[in-house]
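Colleague: I'm new to this one. Could you walk me through how to read a few of its features?

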Amino acid sequence: MIHMPQIGSMREQCFDAATLSALARRHTSIPLRRAGPLTELVIVGVASILDKQPDMPTVVLWGSRTGVLVTGNRLVSCIEIALEPVFPFDFLASQPIVAAVSLQKSFPCIENALYQSWLGDPEIHWQRARTLATAWLRAGRCERVICGQVEPDKSGEGEHIGHWQMLRL
């Protein structure tokens with residue numbers, strides 16, 4: 001018998017930069033040196049899904065249409081106009097792996113975190129994420145999968161947005 005996953009309701013989050021940064025630092029057990037909105041959105045989104053949930057093996061599958069580009073552009077603009085000193089770790093902070101490391105160190109139930117870039121139609125991405133989550137659940141690789149989309153504000157003056165959903169068998 002094939003079990004269909006239970007798909008939780010979609011959660012949308014919107015934050016200004018200061019609120020997002022404060023929430024991310026409250027939810028992580030490691031220092032977030034030079035972490036940008038991309039990493040902060042992932043931490044805050046996953047923390048909101050895991051709040052008051054039992055501890056069980058979890059996988060996080062997340063993506064962004066513009067997040068890595070926005071973070072990279074911020075780094076390049078700092079270099080070009082010397083807004084602030086740029087360090088080698090700034091480049092690392094522009095990579096999605098920083099969010100994965102922060103998640104696994106802050107939430108021991110997270111066994112794996114995978115970034116998927118979003119191209120094209122958001123509905124196709126969500127369907128792809130849910131299909132992969134269902135395959136992992138059916139294979140017994142985890143007991144729940146948290147899927148998300150995060151979009152840091154491009155202008156630096158607006159809202160950072162995240163969408164999150166949890167799947168279980």
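This is a predicted model: local features need pLDDT of at least 70, side-chain atom pairs count only at pLDDT 80 or more; totals for chains, interfaces and linings use all residues.

Colleague: Which hand does the crossing of helix 2 and helix 5 have?

Modeller: Right-handed. The axes of helix 2 (residues 37-50) and helix 5 (residues 97-106) cross at roughly 35° and come within 9 Å.

Colleague: And which residues meet there?

Modeller: From helix 2, look for Thr-39, Val-42, Ile-43 and Val-46; in helix 5 their partners are Val-98, Ala-99, Ser-102 and Leu-103. Sorted by class, that contact has 6 nonpolar residues, 2 polar ones and no charged ones.

Colleague: Which residues of helix 5 are buried?

Modeller: Buried means under 20% relative accessible area. In helix 5 that gives Ala-99, Ala-100, Ser-102, Leu-103 and Ser-106. These lie on the same side of helix 5, because they cover an arc of only 165° around the axis. The face turned away from that buried side carries the exposed residues Ile-97 and Lys-105.

Colleague: What do the buried residues pack against?

Modeller: Helix 1 (17-27), helix 2, strand 3 (58-64) and strand 4.

Colleague: Let's look at strand 4, then. Is Ala-113 buried or exposed?

Modeller: Ala-113, which sits in strand 4 (residues 110-117), has a relative accessible area of 16%, so Ala-113 is buried. Leaving out residues up to four places away in sequence, Ala-113 touches Val-60, Ala-100 and Leu-103. Ala-113 and Val-145 are 32 residues apart along the chain, with 9.6 Å between their C-alpha atoms.

Technical notes:
Residues are numbered from 1 along each chain as its sequence is written. Side-chain values use heavy atoms; hydrogens and water are left out. Axes are lines fitted to C-alpha atoms, for helices over the stretch in contact, and angles run from 0 to 180 degrees between N-to-C directions. Helices (H or I, at least four residues) and strands (E, at least two) are DSSP runs, numbered from the N terminus. A crossing is left-handed if the near helix is turned anticlockwise from the far one by less than a right angle, and right-handed if clockwise. Contact means heavy atoms within 4.5 Å. Ala, Val, Leu, Ile, Met, Phe, Trp, Tyr, Cys and Pro count as nonpolar, Asp, Glu, Lys and Arg as charged, and the others, Gly among them, as polar. Buried means under 20% relative accessible area, exposed over 50%, partly exposed in between (1.4 Å probe, protein chains only). The arc is that of the directions from the helix axis to the C-beta atoms.
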